Amino acid sequence: MKLRRAAAGARRGSGALLRLILGVCGLAAALLGPGPALGATGRTLTVGAGRSFATIVDALAAAADGDTLEVYGGVYPALVVDKRVALRGSDAPVIDGGGRGTVVLLSAPGIVFTGFVVRGSGPEPDRDHSGITITAPDVIVEANRLEDVLFGVYVSEADNALVRGNDITSKAEFDEARKGDGIRVWYSNGVQLVGNTVHDARDIVLWYSKDLVLSDNRVMRGRYGVHFMYCDGAQVERNDFEANSTGLYVMYSHNVILRYNTIRGQWGPSGYGVGFKESDNVTLSDNVIVDNRGGLFFDGTPFTLDGYAHITDNIVAYNDVGVTLLPAVKNLEITGNAFWENTQQMSLAGSGTPGLNHWRGNAWSDYTGYDLDGDGVGDTPYRAEHTFEGIADNEPLLRAFFFSPAAQAIEFAGQALPVLKPQPRLVDEAPVLDPGPLPAYAAPREHGVDGLVGAVVSLAGLALGIVGLTHLTRESSEHPMSAAGTRTATLTVLTVSGVSKTYGRTRALESIGFDVRPGEAIALWGANGAGKSTLIKSILGVIAFEGRIDVCGHDVRTDGKRARARIGYVPQDVALYDETITDTLTYLARLKSAPIPRVATAIADVGLGEHAHKRISTLSGGLRQRVALAAALLGQPTVLLLDEPTANLDAEAQREYLTQVSRLARDRNTAVIFSSHRLEEVQALADRVLLLEQGRLVASLRPKDLLRRLMPNLDLMLWVPEARRVDALACFMSHGFPAHLNGRGSVVVTVPADDKERPFMALAARGIPVLDVEIVQARVHATAPSAGGVA
């Protein structure tokens with residue numbers, strides 16, 4: 001298993017290199033694609049200012065099959081290519097559709113189209129307005145940049161097309177569902193998609209097409225990374241899928257091979273890394289599937305009694321759920337995989353007993369057995385039979401109580417009373433104890449520029465939120481370990497001393513130590529896998545660890561009941577029964593043995609008074625999160641633990657929620673510890689930031705110092721009245737801000753990330769209103785440490 005993973009790493013490295021080569025040498029590489037090399041015997045016609053032809057249309061009219069058109073820099077209108085010619089761009093010539101229809105139609109066999117910028121398609125999805133549409137076989141589309149197009153490349157009934165080394169995005173003004181597909185393949189066999197970068201589009205859709213090859217592509221920030229339907233014989237290798245709603249979803253397709261891919265950060269409503277529905281003869285091997293809402297999902301796969309699904313040598317790690325199966329799924333072969341630090345290793349979706357599947361030789365980070373003979377294989381089976389997980393599979397709303405004392409009590413009861421012990425959802429008779437070190441390419445991403453940009457995208461409402469967020473900031477101007485007001489006392493409510501945690505040979509936490517004072521707000525910041533979740537579990541006392549954690553003087557291991565009584569915990573995903581707010585909190589108060597009058601107090605404290613009689617199902621995400629906060633307050637905690645509290649909230653709900661938490665912490669002198677991947681959240685709420693990297697505490701910073709460390713400057717695009725644009729530019733320049741006018745009717749200004757209010761204040765002083773604002777780019781120091789990634 002370890003050797004195959006190492007091989008996968010080498011292949012993945014070569015995939016990144018291939019994308020680089022394609023970007024640099026795309027023009028020459030086009031000659032190596034399928035079909036004859038054009039231009040070897042035909043003429044070369046030049047197009048551009050001072051060339052043989054002024055327009056591409058004129059050159060096409062004069063061209064014959066086999067000719068090459070060398071097109072030089074400039075802007076050209078939409079075109080239809082209906083001859084077997086090669087069009088090669090030099091100096092990035094632009095084909096602009098002017099916002100109407102499809103920009104480039106390639107309708108003759110054997111066309112080569114390479115080296116262009118294609119932009120400005122029409123906006124109508126029912127007419128398939130695209131950047132490039134291919135309707136003939138053996139066409140090569142290579143090393144182009146497609147932007148401001150609805151659909152990117154549309155391959156329609158065009159066998160053996162090669163789409164290679166292109167950069168493809170959709171129309172920026174549309175939301176995800178309204179965008180078109182980056183690549184769509186429709187009734188086209190033998191198509192190859194190689195080395196493309198597809199980002200900020202909707203899906204890659206591959207339907208009713210056989211023998212497709214997808215290799216060395218990068219697909220980011222879409223809905224479905226790739227969606228297969230009725231695509232037999234597909235091969236998917238060495239691709240990166242990142243930050244989509246779902247990575248790959250394979251439906252009604254047979255003889256599909258997926259290997260050496262990296263799938264990370266799929267956090268949409270389903271958020272599966274890889275999903276299969278009613279597919280047969282599937283091979284999923286040597287993939288890295290990390291940091292997704294769900295790693296793998298199986299529905300009716302394998303589909304027939306004679307079919308197979310071989311799931312081998314994959315790394316499935318740091319997902320909320322490692323594998324989700326429908327009860328009818330059977331005959332899966334799941335061998336040699338590493339299931340590492342998933343919140344729940346396996347979930348059974350729906351009622352019923354799990355089908356007969358074959359689990360063997362996998363490594364499980366939560367395996368508690370032993371290996372007396374030292375052969376590397378556990379002497380006792382691994383069993384997924386957690387009592388609370390089994391209950392939560394049937395009642396998903398109970399997932400709100402994961403890591404809670406109630407869940408721990410149910411687990412204890414299940415172990416102590418055999419009658420309560422659930423049927424195992426899976427049994428691995430030969431679990432592997434040592435999966436080997438996690439390869440560098442498999443570790444959760446230490447986010448760099450892309451991650452930082454993602455962290456600040458939610459600041460798009462910056463102009464509306466400056467006042468709302470600025471007044472919440474509670475940084476001390478003194479040493480980062482200091483705080484103002486009552487927090488200057490030496491009393492600590494939480495002490496973490498020398499805390500370490502090991503899973504197998506992987507050190508999840510390494511000698512973590514810090515103190516928290518009453519009323520202090522601490523942010524946990526770091527990449528996925530840095531140790532934030534493990535640290536929160538340790539503070540809650542729901543996992544074993546080395547070292548010591550005291551909550552108000554109570555050791556969480558030896559005096560856990562009293563320690564947890566001082567903690568209020570709010571998970572990221574709130575699941576509550578569909579009763580009224582008052583009834584829900586009353587029920588929870590009884591579970592906590594809290595006085596019932598506290599319900600009305602908690603409702604008032606979080607600003608839910610006018611909603612108290614509303615049912616949970618009628619509430620927005622922000623109001624539901626406030627209900628969860630009210631539930632945590634029922635026990636009058638000294639310490640609040642918040643796990644990414646605003647991850648699923650819009651900008652307005654974020655501001656309201658942060659206002660509530662900030663006020664409660666101040667009024668009650670309650671310490672707040674929260675994990676976050678939002679810089680604006682850290683700025684608004686935290687007094688101190690604990691920077692975690694690979695299980696180590698590498699720094700304790702003030703929020704503004706974190707901001708300076710990660711993202712010194714921002715580029716803001718501001719829309720002002722057209723008649724005041726020049727005045728706005730002069731205003732910025734007079735205040736020392738680099739600025740320029742933008743062709744989109746705006747002004748772009750570069751500002752320090754921790755001083756972003758000043759440009760707005762300067763404009764206000766001159767009476768220049770800001771109509772809208774957008775963050776264009778986060779300018780990051782090249783030396784910014786990897787520890788500053790997004791959690």
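The model is predicted, so to speak for itself: local features need pLDDT of at least 70, side-chain atom pairs count only at pLDDT 80 or more, and totals for chains, interfaces and linings use all residues. Residues are numbered from 1 along each chain as its sequence is written, and side-chain values use heavy atoms, with hydrogens and water left out.

**The four-stranded sheet**

- Four strands make an open sheet in the order β43-β42-β45-β46, paired antiparallel; strands (E, at least two residues) and helices (H or I, at least four) are DSSP runs numbered from the N terminus, and two strands pair if DSSP finds at least two bridges between them.
- β43 (506–516) and β46 (554–555) are the edge strands with a single partner each, so one side of each has no neighbour in the sheet.
- Five bridges hold β42 (residues 494–503) antiparallel to β45 (residues 546–551), and V496 sits opposite I549 of β45.
- Helix α7 (residues 532–540) lies across β42, β43 and β45, at about 60 degrees to β43; axes are lines fitted to C-alpha atoms, for helices over the stretch in contact, with angles from 0 to 180 degrees between N-to-C directions, and contact means heavy atoms within 4.5 Å.

**Around β50**

- Five of the six residues of β50 (residues 688–693) are buried, where buried means under 20% relative accessible area, exposed over 50% and partly exposed in between (1.4 Å probe, protein chains only).
- β50 pairs with β44 (residues 521–525) in the parallel sense over four bridges, while five bridges join β50 to β51 (residues 696–701) in an antiparallel arrangement.
- L691 of β50 stands opposite W525 and also has A699 of β51 as a bridge partner.
- Two residues separate the strands in the β50 and β51 hairpin, and Q694 there takes a positive phi near 50 degrees.

**Helix α9**

- The twelve residues of α9 (residues 581–592) should span 16 Å, and the end C-alpha atoms are 16 Å apart, which agrees; the expected span is 1.5 Å times one less than the number of residues.
- I581, T584, L585, T586, L588 and A589 are buried in α9, and the buried residues of this helix pack against α10 (597–605) and α11 (621–633).
- Just after α9, S593 has a positive phi of about 60 degrees.

**Aromatic rings**

- The whole structure holds 15 aromatic pairs; rings of Phe, Tyr and Trp (its six-membered ring) pair if their centres lie within 6.5 Å, with planes under 30 degrees apart counted as stacked, over 60 as edge-to-face and the rest as tilted.
- W186 and Y208 form an edge-to-face pair, because their ring centres are 5.6 Å apart and their planes are at 80 degrees.
- Ring pairs join W186, Y187, W207, Y208, Y230 and Y252 into a cluster.
- The charged end of R178 sits over the ring of F174, 4.2 Å from its centre; this counts when NZ of Lys or CZ of Arg is within 6 Å of the ring centre and within 35 degrees of the ring normal.
- R184 lies over the face of Y154, 5.7 Å from the ring centre.

- The T301 to P302 peptide bond is cis, with omega near 0 degrees, and P302 is in the loop between β31 (294–299) and β32 (309–312).
- D200 is not a glycine, yet has a positive phi of about 55 degrees.
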